[in-house]
Amino acid sequence: MKIQNSVLLLVYVTTLLACNTKTTKITDTPSAEKETAPIQLSKAETLLNQTLEAHGGSLYDSAHYQFVFRDNTYQFKNAGKGYEYTKTSKKGATVTKDQLINGVFSRTVNGEPIDLNEKDTKSATNSLNSVIYFATLPHKLLDTAVKTSYLGETTIKEENYSILGVTFVQEGGGKDFDDEYHYWINTAAHKIDYLAYNYTVDEGGVRFRSAYNTRVITGITFQDYINYKAAIGTPLVALPGLYEAGELKELSRIETENIININGK
């Protein structure tokens, strides 16, 4: 009987340990299966996302358009993170084509490659980049060199605006990395109605732009701008007030004409 009772006791203990082990495995949740908290976007990131969506959103990722600016023909072709920009100029029988493919610049004249020195290459690259930058706003604000900040809200001509501040990191920010931009984004339409910037190259300057002739071409918004000049050193935050008071001098018009969606969609 003692042997039989010992066997029964051993079986009972073994069964109990097995049950305890099984219970532990069920209640122990692997860390990989635990739910992760959603990423919280900053006010600046949220504002930029809303603005990008209002101007064209994901359509920019594969956009391929042509337009005319100051008698030169431009094209931009996006392919995800890749891009191709071109500028074609005609003077008499001479056709000059500048091309920028994923940061690599080249020039041809009547189809023949032309070698430029470093200074001229940088100048032509910056010029081409600048035209596409403004024509495709706010798409280029997604570049990795861009730093955004939320600067609050204001009113201009009785319309409500959120203010997006933009600066650039030195690496990848180009020679104008220390420029500063403000974008006034309409809180109802989520589109850029005004922008301003200061720069230090070429003796420096302060500019304020007012958008007009806004049109949507196959899903992407294009705008023209009246370009105003302010005194060097004028804080960007003060420019809307000077604009409303009529104290800014019109300098030029930034007009994109004959816009064509080459993708044809």
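Helix 3 (118–135) and strand 12 (220–230) each supply at least two residues of the lining of the largest cavity. Strand 12 contributes the most, four residues. Helices (H or I, at least four residues) and strands (E, at least two) are DSSP runs, numbered from the N terminus.

The model is predicted: local features need pLDDT of at least 70 and side-chain atom pairs count only at pLDDT 80 or more, while totals for chains, interfaces and linings use all residues. Residues are numbered from 1 along each chain as its sequence is written, and side-chain values use heavy atoms, leaving out hydrogens and water.

On a 1 Å grid over the protein atoms alone, a cavity is a set of points where a 1.4 Å probe fits but cannot get out, and a pocket is an open set with protein on both sides within 12 Å along at least five of seven lines; lining residues have an atom within 4 Å of a point. Points are joined across faces, edges and corners, and a volume is the space filled by probe spheres set on them. One cavity of 30 Å³ or more is counted.

| Space | Volume |
|---|---|
| Largest cavity | about 40 Å³ |
| Second largest pocket | about 240 Å³ |

The lining of the largest cavity includes H55, F134, L137, F222 and Y225. Its residues divide into five nonpolar, three polar and no charged.

Strand 3 (residues 82–91) gives the most to the lining of the second largest pocket, three residues. Among the residues lining this pocket are K81, Y83, H139, K140 and D143. By class the pocket lining has three nonpolar, six polar and three charged residues; Ala, Val, Leu, Ile, Met, Phe, Trp, Tyr, Cys and Pro count as nonpolar, Asp, Glu, Lys and Arg as charged, and the others, Gly among them, as polar.
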